[in-house]
Amino acid sequence: MTRPTWQRTWLEIAAVMAKRSLCTRRQVGAVLVKDNRVISTGYNGTPPKQAECFSGGCPRGGLTGPLPEDYHAHPCAGIHAEANALLRAGSVASGAVLYCTHRPCPQCQNLIMGAGVDDVYWLDFAASEDECGIRDVAWWAPRDGRLS
């Protein structure tokens, strides 16, 4: 019997967190780890006490098909998974490693750098799955600068 690596374990936890999302367009999960211990998790969704996407809480929630070129044409009311994980961790996020189901957007990249996260890993959906259904993992070191 072989155990998954720590990296694979954290990515699988992020994938489970994504299942908590009630977003109608994309489910994203994140887990923040320090010294091989989970310090925070997050998933994307509207703020507490606000209607969820499927209930009309997000202007994008009712859209079908691809989003328009202009990201702000239909604003998203949701808080991204990475932002939720960082909010819950507070200052403990500094020096941690973030594992996500998707590549962080430019706004989340700024939050990640501002929080002092050391490394970010996410599943590379452009890569094909291996025979076990595992995708390659992409990586970014925020201290080295902007990703996009």
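Buried here means under 20% relative accessible area, exposed means over 50%, and partly exposed is in between, with a 1.4 Å probe and protein chains only. Helices (H or I, at least four residues) and strands (E, at least two) are DSSP runs, numbered from the N terminus. This is a predicted model, in which local features need pLDDT of at least 70, side-chain atom pairs count only at pLDDT 80 or more, and totals for chains, interfaces and linings use all residues. Residues are numbered from 1 along each chain as its sequence is written, and side-chain values use heavy atoms, with hydrogens and water left out.

Start with the overall layout. The protein has three helices and five strands. From the N terminus on, their order is α-β-β-α-β-α-β-β. Of the 148 residues, 38% are buried. The protein exposes about 8700 Å², an area that comes from the Shrake-Rupley method with a 1.4 Å probe, where for residues only the protein chains shown count as cover. A contact means heavy atoms within 4.5 Å. Take the contacts between residues at least 6 apart in sequence: 52% of them join residues at least 24 apart.

Helix 1 covers residues 6–18. The expected span of a helix is 1.5 Å times one less than its number of residues. The loop between helix 1 and strand 1 holds Ser21. Ser21 is buried, at 6% relative accessible area. Leaving out residues up to four places away in sequence, Ser21 touches Arg26, Gln27, Val28, Tyr43 and Asn44.

Helix 2 runs from residue 81 to residue 89 and is mostly covered. Seven of its nine residues are buried. They are Ala81, Glu82, Ala83, Asn84, Ala85, Leu86 and Ala89. What lies over them? The cover includes strand 1 (29–34), strand 2 (37–43), strand 3 (97–100) and helix 3 (106–115). Just after helix 2, Gly90 takes a positive phi of about 60°.

Now turn to the interior. A nonpolar core is a set of buried Ala, Val, Leu, Ile, Met, Phe, Trp, Tyr and Cys residues joined through side-chain atoms within 4.5 Å. The largest such core has 16 residues, of which Leu32, Leu98, Ile112, Val117 and Val120 touch the most other members. Strand 1, helix 2, strand 3 and strand 4 (119–123) each supply at least two residues of this core. Helix 2 gives the most, with four residues. A second, separate core has nine residues, including Trp10, Ala14, Val31 and Val33.

Next come the cysteines. A disulfide is a covalent bond between the sulfur atoms of two cysteines. Here it is counted as a pair of cysteine sulfur atoms within 2.5 Å. The structure holds zero disulfides. The sulfur of Cys108 has its closest cysteine sulfur in Cys105, 3.8 Å away, which is too far for a bond. Cys108 is buried, with a relative accessible area of 2%. Cys23 is buried too, at 15%.

Asn36 has a positive phi of about 60° although it is not a glycine. Asn36 sits in the loop between strand 1 and strand 2. At 31% relative accessibility, Asn36 counts as partly exposed. Lys49 is another residue other than glycine with a positive phi, near 65°. Lys49 lies in the loop between strand 2 and helix 2. Is Lys49 buried or exposed? Lys49 is exposed, with a relative accessible area of 89%.

Finish at helix 3, where Asn110 is found. Asn110 is partly exposed, at 42% relative accessibility. Asn110 and Pro142 are 32 residues apart in sequence. In space, their C-alpha atoms are 8.9 Å apart.
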